[in-house]
Amino acid sequence: MAGRTVNEQKIEVRSVTTAADIGVCSLLFIHADQKPNWPELQRTLAGKSVLTVSDFEGFAVSGGMIEFTQLDSRIGVLINTEAVTAAHLEVQDRLLKLARTVTPAAPGR
Amino acid sequence: MPQLSLRRTLLLIVGTLTLFITLLAAKDVYGDWQRLTRIRALRDAAVSSDQFFDATQKLAVERDVALSMLYAPDSETIDELRIRLKESRQAADAALRATVAELKQYTFPDLVELRRQVETHLLVIPTLRPEIDHEVDLLPEQRNRNLPDRWSGEVTALMSATENLWIGFVSHFTDVDPIVTQHLLFKHLLRTITDYTGRERSLVGRLIAENSDPTPEQIGQLLRGRGIVETDWQMSRMLADQSGLSPAIGPRYSDASSHYFTMRDMLQNLFYVPDARHGATYPIGVDLWFELSTQASDSLGALRESSISETRNYVEGLITATQREITIQASIFLLALMLCAYSFTIIIGRVIRPINNMAGALLQATRGEPVTFLPPTGRKDEIGILANVLHAFQQNVEHIKRTSVQLVTSQEHLRAVVDTAVDGVILVETRKPESIALPGFRLA
């Protein structure tokens, strides 16, 4: 993906290990191994227009924006539209048609 | 050969020069006007060419969606694609209608047969659509196994016929401007890329819908298509650089090629390698596959729109430049005519006529007729100098005449004295009174 372009913007791929290293980015993919660190990451990213994507279970309901999951042995997409809106981002209708929308879990659950 | 007068010689020279300049300027104006007409025709042809592109692209999408539905094993997949099929049919019909209507204004004889072939294939499409609608509602094992190949064959044949028609059509405009020809070739390469990525989309969609592995023939088909597409990407890059398209379309080109190569990487290990999935289910469904491939197709569409816009701007620039040339040539032509007319007037009025008048007056003078050379007022040129000289000459002549008259008068007076003298005339030199001269006598 590195060096390719999307919407006339060049894609730069960086690996980060701590929240402090995130800096400025458009999309943050969170590896399943980083699930324990997700709450801290979420606080760091609060208010920033960063699209969060992951493939660990429960990501979308816990405040993540896009979760890749398995639906009938195939890749499915779960989208937390509230989290997306809170980050001042927008999901295209054509993607929403292919995905399932989820609502975030209530705090404390 | 009788010698021409100065007036006629000058008239001949000025007239010949005027005619020469007029013919040269008129030739340039005519040439530019013909070029302007051709460029305008090229502009309209570029629009028609874009409609060809649009029509084949829409047909490809309809082909691929219908094929995926015909191979889909479950009603859920079919229902997901139903709306997309309906939209693609409407888009394809509209694009084809526009293309056929656009072509009617061109009466090139060599397009008649090519157009007939397109229209023949066009007639088959509406007959197959109801069959497809009927078959997709049946269970997979009840469906007509020949229909997918028939459908694919007819649509692909229609697209090939349309492409041949496009080639025949564009060949009439390749001698107008080399840059625009390169632009048209660029779009042709884009069209080929779109066609073959569409075929890949269709085949992959079918494999996903059936959840089957590609056969060696299908892998061969995919590899052939990929070879054509990647060669065309390279050639299109060269054409974009050579024709000056690159600065305007660079970002869109980068997006479209990035999208293509990202999709290629996604498909490589699953569909270009025999038995790659090892019996497992393909990771994405046919709806997600069509969405991903449509986004790549949209990137190509954006690139195409960008190149269309750039071609349009370039052609409009050509038209403006040619119109400006015509205006300049016509202005030079008129200026040359005016200069020639002015030269003619000046030469006749300020050179020939005064010389003729002077010559006439001198002739009169030689015949003893009274002539007056008036002094020129304000002319300091050669004619003015000549007129001054003639005036001075006339003054001298008048003076000589007057002097001559005086001499004659004196002579007559003297003769009268001599004739009437009785004894003779004594010439006395007042300074030497001693020397007195008598006629017939000489004193010592």
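Biologist: Which residue just after α6(B) takes a positive phi?

Modeller: This is a predicted model, where local features need pLDDT of at least 70, side-chain atom pairs count only at pLDDT 80 or more, and totals for chains, interfaces and linings use all residues. Residues are numbered from 1 along each chain as its sequence is written, chains are lettered from A and ligands numbered from 1 in the order in which they are written, and side-chain values use heavy atoms, with hydrogens and water left out. Helices are DSSP runs of H or I of at least four residues and strands are runs of E of at least two, numbered from the N terminus. Just after α6(B), a positive phi of about 85° is taken by B:Gly244.

Biologist: What span does helix α6 of chain B reach from its first C-alpha to its last?

Modeller: The helix covers residues 216-243, which is 28 residues. The expected span is 1.5 Å times one less than the number of residues. For α6(B) the expected value is 40 Å, and the helix comes close to it, reaching 40 Å.

Biologist: Which helices do the buried residues of α6(B) pack against?

Modeller: Buried means under 20% relative accessible area, exposed over 50% and partly exposed in between, with a 1.4 Å probe and protein chains only. The buried residues of α6(B) include B:Leu222, B:Val229, B:Asp232 and B:Trp233. Contact means heavy atoms within 4.5 Å. The partners, in chain B, are α5 (178-210), α7 (246-271) and α8 (286-366).

Biologist: Which residues does B:Thr192 touch, not counting residues up to four places away in sequence?

Modeller: B:Thr192 is found in helix α5 of chain B. Its relative accessibility is 10%, so B:Thr192 counts as buried. The residues touched are B:Ile228 and B:Asp232.

Biologist: Are α2(B) and α8(B) roughly parallel or roughly antiparallel?

Modeller: Axes are lines fitted to C-alpha atoms, for helices over the stretch in contact, with angles from 0 to 180 degrees between N-to-C directions. Angles under 35 degrees count as roughly parallel, over 145 as roughly antiparallel, 65 to 115 as roughly perpendicular and the rest as oblique. The axes of α2(B), residues 75-103, and α8(B) come within 9 Å and cross at roughly 30°. The two helices are therefore roughly parallel.

Biologist: Is B:Asn211 buried or partly exposed?

Modeller: B:Asn211 is found in the loop between α5 and α6 of chain B. Its phi is near 55°, a positive value in a residue other than glycine. With a relative accessible area of 25%, B:Asn211 is partly exposed.
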